[in-house]
Amino acid sequence: MNILIIGGAGYIGSQTTKAIKKKGYYPIVLDNLIHGHKHLIEDILKVPLIVGQAGDKELLKNILLGNHPKLKGRTIDAIIHLAAFANIGESMEKPAKYYRNNLGETLSILEVLIDQVKLREEKKISPLKIPFVFSSTCATFGVPELKDIPISENNTQNPINPYGRSKLMIEKILEDFHNAYEIPSISLRYFNAAGADPECELGEDHNPETHLIPLILDALGDNENSIKVFGRDYPTKDGTCIRDFIHVYDLAEAHVAALEKIIKNNICDFYNLGTGKGYSVIEVIETCKEVTGLALKVDFVERRLGDPPILIASPKKIMKELQWRPVFSDLETIIRHAWRWYLKNSS
Ligand SMILES: NC(=O)c1ccc[n+]([C@@H]2O[C@H](COP(=O)([O-])OP(=O)(O)OC[C@H]3O[C@@H](n4cnc5c(N)ncnc54)[C@H](O)[C@@H]3O)[C@@H](O)[C@H]2O)c1
């Protein structure tokens with residue numbers, strides 16, 4: 001089966017591409033490389049990369065029907081869509097950029113999927129309705145009440161920034177498109193993706209970096225550099241925010257499970273994707289110090305607007321229905337793998 005991975009040259013996308021290939025499927029990556037890394041796909045994973053815009057309808061139509069030269073006649077059987085901008089702070093300053101890229105481009109992809117049904121019928125290509133796995137986020141939940149932790153799929157979704165809203169709107173569109181056009185889809189609402197490929201081939205390389213663990217690793221052992229901790233008066237055990245960190249390998253495996261579910265069943269469903277365990281910012285800092293043996297300067301500063309005190313997923317539904325289990329998502333392993341990748345790439 002030929003799987004189109006949109007945004008596959010990014011952090012989670014490249015790990016997902018690796019998981020899909022390892023499972024015996026044939027991945028093809030479409031990425032505009034605005035934040036992606038060509039060498040990870042072409043040189044390391046040795047997977048075809050098409051450089052282009054997710055919402056380029058003509059390009060997409062050609063890819064899906066196997067008419068693009070890189071596909072050599074292979075038609076696409078399913079799509080995993082990870083392409084998006086994901087910086088919450090930036091989304092508040094530049095909402096138009098986020099709605100255009102995250103919402104507008106995705107709507108274009110989905111419109112192409114509607115047109116495919118008739119085209120494929122004429123050309124006798126299956127499936128007529130292309131299964132679609134979508135990268136959603138815990139940011140769709142906004143600031144959940146403490147009584148609602150761990151967060152299950154039924155919790156109220158009330159995002160508080162354009163990033164979270166753009167993702168929730170797509171979830172709703174997917175529901176509408178399933179009702180009206182029977183496009184099968186699964187939305188995976190990731191909690192905090194972290195760590196690096198256990199084989200150290202792939203890892204996190206965002207610019208600018210906004211994620212806690214790579215920021216800490218960068219600041220470790222550097223007297224000039226410190227890590228900012230936003231707020232130490234939250235209603236948590238040590239006053240700092242608590243997050244659910246999920247290893248990028250485990251996240252990628254969940255995409256394989258989701259894909260296999262919608263290849264067989266024409267459903268529209270949603271899964272929270274975390275481990276069910278939370279760690280405070282201070283616990284993460286302390287574990288980074290232990291794993292690396294290095295010291296770190298910490299600056300406690302004011303809370304950031306809109307940071308929920310605690311975000312922990314309930315993974316019950318995905319464990320039960322997709323038989324997904326985290327393998328590497330304990331904090332120490334996450335940090336060990338991230339550190340190994342950091343050392344490999346900073347030398
Ligand atoms: N990293 C996390 O902790 C996290 C948490 C929740 C949800 N997510 C979601 O997961 C997905 C992947 O996140 P990531 O951390 O790997 O980000 P990333 O920036 O590393 O990867 C995104 C990829 O999409 C590509 N891209 C963006 N817009 C595109 C477009 N219009 N056309 C083609 N390619 C485009 C980028 O070049 C990049 O390679 C995103 O949708 C993000 O919202 C991430």
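1. Start with two helices. The axes of α3 (residues 57-64) and α5 (residues 95-123) come within 10 Å and cross at roughly 45 degrees. Keep in mind that this is a predicted model.

2. An angle counts as roughly parallel under 35 degrees and as roughly perpendicular from 65 to 115. The pair α3 and α5 is therefore oblique. The crossing of α3 and α5 is right-handed.

3. Which residues of α3 meet α5? They are Lys 57, Leu 60, Lys 61 and Leu 64. On the α5 side, the partners are Ser 108, Ile 109, Glu 111, Val 112, Leu 113, Gln 116, Leu 119 and Arg 120. By type, the residues of this contact are six nonpolar, two polar and four charged.

4. Now the strands. Strands of a sheet pair through backbone hydrogen bonds, either parallel or antiparallel. Here, three strands form an open sheet in the order β12-β9-β14, and the pairing is mixed. Strands β12 (279-280) and β14 (310-311) are the edges, each pairing on one side only.

5. Look at β9 (residues 242-243) beside β14. They pair in the parallel sense, over two bridges. Arg 243 stands opposite Leu 311 of β14.

6. Finally, step back to the chain. It has 11 helices and 14 strands. The radius of gyration is 20 Å, close to the 20 Å that the globule rule gives for 347 residues, so the chain is as compact as a globular protein of that length. Along its principal axes, the C-alpha trace spans about 65 × 45 × 40 Å.

Technical notes
Residues numbered from 1 in each chain as written. Predicted model: local features only at pLDDT ≥ 70, side-chain atom pairs only at ≥ 80, totals over all residues. Heavy atoms only, no water. Axes fitted to C-alpha atoms, helices over the stretch in contact; angles between N-to-C directions. Helix = DSSP H or I, 4+ residues; strand = E, 2+ residues; numbered from the N terminus. Parallel < 35°, antiparallel > 145°, perpendicular 65-115°, else oblique. Left-handed = near helix turned anticlockwise from the far one by under 90°. Contact = heavy atoms within 4.5 Å. Nonpolar A, V, L, I, M, F, W, Y, C, P; charged D, E, K, R; others polar. Pairing = 2+ DSSP bridges. Rg over C-alpha atoms; globule rule 2.2 N^0.38 Å.
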